[in-house]
Amino acid sequence: MGLFDFFKKKPVEDIVEIEVLYPSSWENGMPPVKVVVVEVLQPTPGKAVDIILPIRNTTETETETETETETETETETETENASQKLDSGLSKTKKTWSERWNAFMANFRSVDEDFFDDLEETLIGADVGAQTAIQITEELRDEVKLQNAKSKQEVSAVIVDKLVSLYRSQGIDEDASMHFAPQGPTVILLVGVNGVGKTTTIGKLSAYYKNAGKKVVLAAADTFRAGATEQLVAWGERNGVPVVTGTAKADPASVVFDGVKTAIDTQADILFVDTAGRLQNNVNLMQELAKMKRIITRELPNEPQEVLLALDATTGQNAVQQAKLFKDSTDVTGIILTKLDGTAKGGIILPIRNELHLPVKWVGLGENVTDIQPFEANDFAKSLFGSLLTE
């Protein structure tokens, strides 16, 4: 006997009328009236039965769905926050670019030699470097003619598009990723002159990777600068990361040796080494860096995986000169551009990538421990030139 046999039905002549409703227009200001007659089924007294329905275990599914949703939301939020931080950090640079660009285009009359001379000066003034400015200007001569751009808006669009294209093209074969050892600790050296923010950057990176689940050790090998060791120890205590230190004026290489041994013995994932930063053309400094690398290689043949050069973005073209000298003396694998939020000279990333062919791997965007993020070329170009593209 079926379930519905227990229900009492009305006589056959009681027909259920069902009408499908469609949208109707109002007439004379009154809404259309539609009536639907339905049959209400009532259970027969004394014939009720217990119905046991299968219970669907939704707890696990709901938990998984909630977790997936939370993960997606967190990822979107992190991406959004990173983009917002980059926009905020580049605010001074963007303002300078916009002001210089608007002033340049305000004097636009026609595309002639004077126009390209002024363009070259504008680009140099925006810290893209003389070599890069000349290259861009020369390429734009043909580009403007090719596209037959004549109006101010057309010329501006062609030039800015070219800037974006040139900037992005530098990163096509560029390896901006961080490299890690397949097994054992990864050693990362930070080099650069005093005052660029090496120690602070190590503190930020150690927090970044610890939060990512890595076991981190720090080595305070800058034994010559007063307060350098204490500063790194403070960062270690703040982040809950061990710091290997030596005595004042001790041989930096001995601290590096102890740091490597500690990283191996404690099975650490990453060892960050803070190095001395006296004048970049000091022969002794370069010899010390070479000695450190020999000691590291003796204990870990495939290390260091990274030698990151910290550059202060506020110094503009001086940072480019520092990069050239360090590149000639050490095996620099990438750049960390610090203090980007405090300068209008963020354009130095262009000559760094165009002239030196060194990848920018990290950018510092503030004083907080979380104010550092991996460098993304497309995001940077979009943030820096975006307002000019829409004007």
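User: By relative accessible area, is E138 buried, exposed or partly exposed in this predicted model?
Analyst: Buried means under 20% relative accessible area and exposed means over 50%, with partly exposed in between. In this predicted model, E138 has a relative accessible area of 42%. That value falls between the two cut-offs, so E138 is partly exposed.

User: How far apart are the N and O atoms in the salt bridge of E138 and R141?
Analyst: E138 and R141 both belong to helix α4 and stand 3 residues apart, about one turn of the helix. Their side chains meet in a salt bridge, for which the cut-off between nitrogen and carboxyl oxygen is 4 Å. The N to O distance for E138 and R141 is 3.3 Å.

User: Which parts of the chain does the salt bridge of R141 and E113 tie together?
Analyst: The side chains of R141 and E113 meet at 2.7 Å, N to O. R141 lies in helix α4 (residues 130-146), and E113 lies in helix α3 (residues 113-125). The two residues are 28 residues apart in sequence, so the pair ties together helix α4 and helix α3.

User: Is R141 buried or exposed?
Analyst: E113, a salt-bridge partner of R141, counts as partly exposed at 47% relative accessibility. R141 has 16% relative accessibility. The cut-off for a buried residue is under 20%, so R141 counts as buried.

User: Where in the chain does K339, the partner of D312, lie?
Analyst: D312 forms a salt bridge with K339, with 3.3 Å between the closest N and O atoms. The pair links distant parts of the chain, 27 residues apart, and D312 is in strand β7 (residues 306-312). D312 is buried at 8% relative accessibility, whereas K339 is partly exposed at 33%. K339 lies in the loop between β8 (334-338) and α11 (349-355).

User: How many salt bridges does a search of the whole structure find?
Analyst: Among them are the pair of R141 and E113, the pair of E138 and R141, and the pair of D312 and K339. Shared partners join E113, E138 and R141 into one network. The number found in the whole structure is 11.

User: Why is the ring pair of W101 and F104 classed as it is?
Analyst: W101 and F104 are 3 residues apart in helix α2 (residues 91-106), about one helical turn, and both are buried. Their ring centres are 5.4 Å apart and their planes are at 50 degrees. Planes under 30 degrees apart count as stacked and over 60 as edge-to-face, so this pair is tilted.

User: Which residues form one aromatic cluster with F104?
Analyst: F104 and F115 form a tilted pair, 5.2 Å centre to centre and with 40 degrees between the planes. F104 lies in helix α2 and F115 in helix α3, so the pair ties together parts that are 11 residues apart in sequence. F104 is buried at 8% relative accessible area, and F115 is buried at 5%. The residues that form one cluster with F104 are W101, F108, F115 and F116.

User: How far is the charged end of K214 from the centre of the ring of F180?
Analyst: A charge sits over a ring only if it is within 6 Å of the ring centre and within 35 degrees of the ring normal. The charged end of K214 sits over the ring of F180. The distance from the ring centre is 5.8 Å.

Conventions
Residues numbered from 1 in each chain as written. Predicted model: local features only at pLDDT ≥ 70, side-chain atom pairs only at ≥ 80, totals over all residues. Heavy atoms only, no water. Helix = DSSP H or I, 4+ residues; strand = E, 2+ residues; numbered from the N terminus. Buried < 20%, exposed > 50% of the residue type's maximum accessible area, 1.4 Å probe, protein only. Phe/Tyr/Trp six-rings, centres within 6.5 Å; stacked < 30°, edge-to-face > 60°.
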